[in-house]
Amino acid sequence: MSNSSGLYILLVSVHGLIRGHNLELGRDADTGGQIKYVLELAQALAANPQVERVDLVTRLVNDPKVSPDYAQPVEVISDKAQIIRLNCGPRRYLRKEVLWPHLDNFADELLRHLRQIGKLPHVIHTHYADAGYVGCRVAAWLGIPLVHTGHSLGRVKQQRLLEQGTKPEVIENYFHINTRIEAEETTLASAALIIASTNQEVSQQYGIYDHYQPQRMVVIPPGVALEQFYPVPKNWQEPPIYQDLQRFLKEPQKPMIMALSRPAIRKNVGTLVKAYGEDPQLRHLANLVLVLGNRDDITTMESGPRQVLTEIFQLIDRYDLYGYIAYPKHHTADEVPELYRLLAKTRGVFINPALTEPFGLTLIEATACGVPIIATSDGGPRDILAACDNGLLIDPLDIKQIQEALRTALTDTEKWQGWSSNGLSRVRDNFSWETHVEKYLEYVRQLPQRRVQSLLSPLRQGPASNITDWNIPEKNRLPTADRFLVCEIDNTLLGDADALQQLIERLHNEGHTTGVGIATGRNLDSALEMLEEYRFPMPDLLIVSTGSEIYYGPQVIPDMNWQRHISYRWQPDAIRQAMAELPGVDLQPPEGQGKFKISYFIDEEKSVSYREIMRHLRRHNLHVKGVYSHNMYLDLLPIRASKGDAIRYCALKWGLPIKRFLVAGASGNDETMLAGNTLGVVVGNYSQELDKLRSYPQVYFAQGNYGWGILEALDYYDFFGTLSHTEIEVNGHGDMGTQKRAEVMMEEALPS
C-alpha cells in the first residue's frame, strides 16, 4: 500500500443507531460504547494524512419511532469521512439479535456500494459479530484483508448468563447465541488482524475460541476525544444539567460519586446503591449520581433495563436515599464531558462497578477530565489503572471493598490530587485517538501479505487446495470490471493448448478492465483441478455444478444468497424417488452430484424421451429444471437454477449490465447463458443441440474450435475495444429498474 495515494478504509458496524452528531448513547442495549468507538475511530482515521477516505457503513433505518437522521443514505462527518447507510432487511429499527437472517442481503448491498464508487478499500474493518459475518464474505469475495474488533464476545456472554442460572434454551431463543458464536469463530479464522482493547480480552476472552490465533491479535486501546474531554478550565460555567441534578439533592454542593452506563444487569449498579445506602459516612461525604441512559416511561422499556431501574428505585426507597441520590431521566452526549468536569470541580469520584468490563471507555473520559476512578478488577480497567495510576480496582461483588475505596478517594485529599494529576498527564500518551491511529496504521500497512483465508479451505483438501504457485490475482475484479468473459471449461476453454495460451496472454495484455469467469457442469474441486492443471489464472467468478453453485475468487467463497434463492421448492429425495421409476436412467457417481444438482446418465435406447422425463417429474408435482446435453447427460436442478440464471444473478448483484458479458459454450447445458442479452459465442466444435441458436442475433457461431473460437469472438465483438463506458456508469448509478430487480431477487432469497 503506497502512502502517496492514501488509504481507503471501510469500517462496518451494522446495528444500533449511528449518526455523526449527538449520539443517543444508552438509548438501548445496541446504542452503547461500540457506536461511540466506531464514530471516533472514523474521525481519527480521517484526520491522519496517510488516510484518503473512510466510509463507516451501517444499516439504514427508516422508522417513525427514531430520528429521520438514520434514514439518510449518506452523512458527511468530515472532509474525508462519511457514514454510508445500506438496506438490511425491513426498514424499521430492529435489535441486533434478529438481524442475522438479513446479513447476506447487507453484504450484497455493500458490494453494490463498492461498485457504484468504483474503488476497492485497502482494508475492511468490522465491529462486532454481525459485521464480522458480513466482512468475512465481502473481504474474501474481493481478496481484501479483514480487520476485526469484537467489542463483546458471544462465548463470554453465554458463560456469564449460564452462571447466573439462565436456561440454555432461553439464551438461544433471545440472543441466537450459537449463530453469533459461529460467526465469531469464522471471523477469527478469516481475519488478518484482530484488534483488542486489553490483554485480558486477548487471553481470557478470545482465548476460549477454537480459532484463537494469538499471532494475529494486537492490543491497541481505544482513544478518547481529547478536544471534548479536558479538565475544568478557569472560566468554566456550571452546565445546565447541574440544575437538573439539583432537583434531586438536599446539598448539591457536596462531592459526587458518579456512575454512567446503560441500565444493564452486568453493569451492577444495584450493588453500588446498596454499598452507598448501607454506609452512613458515605452518605455524609458525597451525593450519588446515576446517569443510566435516557428514558421516558420505564413501563415501556425492554425487560432488562426495566428490571434494573425497578431494582434501583426499590433500593432508593429501602435505604431512604431521597435527597442523597440523583437519577436524571435524560442527558445528551454533549453533556457527558460537562458531567465529568462537574465531578472534578466537586472533588468527586467516578466509579464503574460492572461485573465485567471489556474496556471501560467512560473511565478514560473521566480521567481526561481530571477525575480519579474506582473500577471493577475484571477486564479493561486493570490496563487503564496500570497505565495511569489514577485510582483503585475493586471486586464488584464485595460491598465493603467498594465502600472503603470510595471513602479513601473522598477523604484522602493528597491521594485524590495525585490520582487526578497522574491521570491527566498519562492519559494522552496512552489513550489518545492519535496514538491509537498511529499504531493501527502501522499494523494495517503490513496487511497485504496477510490476505483473508478462504472460508472453504478446511473443507477442500483436494489437489486444487494446494495453490501456492498457481496464478492467483491479488484482488477480485468483480466490483471494478466493466466487462466479463465467462467460458465453459470442457470442449470450450480447454481442448487446444496453443489457443488457451494465446487467450491467457490476450487477457493479460488487453483485459485490464475485464473480469473472468467459468460456468461449468463440473463440481468445484474438479473445476479448480482442471484450471490449475492447465495454468489458467484463478477466475473472479466460478459458476459450477451447472449453475447451482456460485463462488467468488480469489478466495473461492460461496454465495449463500444464491443457495437460499434456488432452494425454493427443491425436493432432492422426492426427485430421486421419481426418477427411480423410469427405465434407462442411472445416477452418475457421487462426484457428479451436488447439493442442488442431481445428475444422471441417460441410455437413449432404453429411456423415454427427455420431454417425457420432465413430464413424469411434473406429474409428481416436482418443480425442477432439466439440462440435457450430448444426448446422454441429464442434470436436474432447482427451478431457479441454471448457468444463465446464475450469470444474470451475478450481473444484478454486482451491478454490471448483462450486455457486457461475453459467454462461450459448446453444448446444451450452455444454452441458458447463450440465449438472451449476453454476447454469445458457440465454438466450432459444438454439440448439435445448439443449432437452434443460429437465428439468435446475439449468438456468434465461430469457425475456430475450442479457445480459437473464443479468440475469434473477442475480435468479432471488439470485446477489449469499443464497449461503451457510459452504459456501465448509468447502470451503476441511475438504472432503478435493475436496482429494483436486484432488490426483488435478494428479497426472494431471504427466508420468509
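Visitor: Which residues does Glu185 touch, not counting residues up to four places away in sequence?

Guide: Glu185 touches Arg155, Tyr209, Asp210 and His211 on that count, with contact meaning heavy atoms within 4.5 Å. Mind that this is a predicted model, where local features need pLDDT of at least 70, side-chain atom pairs count only at pLDDT 80 or more, and totals for chains, interfaces and linings use all residues. Residues are numbered from 1 along each chain as its sequence is written, and side-chain values use heavy atoms, with hydrogens and water left out.

Visitor: Is Glu185 buried or exposed?

Guide: Buried, at a relative accessible area of 5%. Buried here is under 20%, exposed is over 50%, and partly exposed is in between (1.4 Å probe, protein chains only).

Visitor: And where does Glu185 lie?

Guide: In helix α6, residues 177–190. Helices (H or I, at least four residues) and strands (E, at least two) are DSSP runs, numbered from the N terminus.

Visitor: Switching to the sheet: what's the strand order?

Guide: β11-β10-β9-β12-β13-β14, six strands in an open sheet with parallel pairing. Strands pair if DSSP finds at least two bridges between them. β11 (325–326) and β14 (391–394) are at the edges with a single partner strand each, so one side of each has no neighbour in the sheet.

Visitor: How many bridges join β12 and β13?

Guide: Three, between residues 349–352 and residues 373–376. Asn352 sits opposite Ala375 in β13.

Visitor: Which strands does helix α15 touch?

Guide: Helix α15 (residues 399–411) packs on the sheet against β9, β12, β13 and β14, and makes about 175° with β14's direction. Axes are lines fitted to C-alpha atoms, for helices over the stretch in contact, and angles run from 0 to 180 degrees between N-to-C directions.
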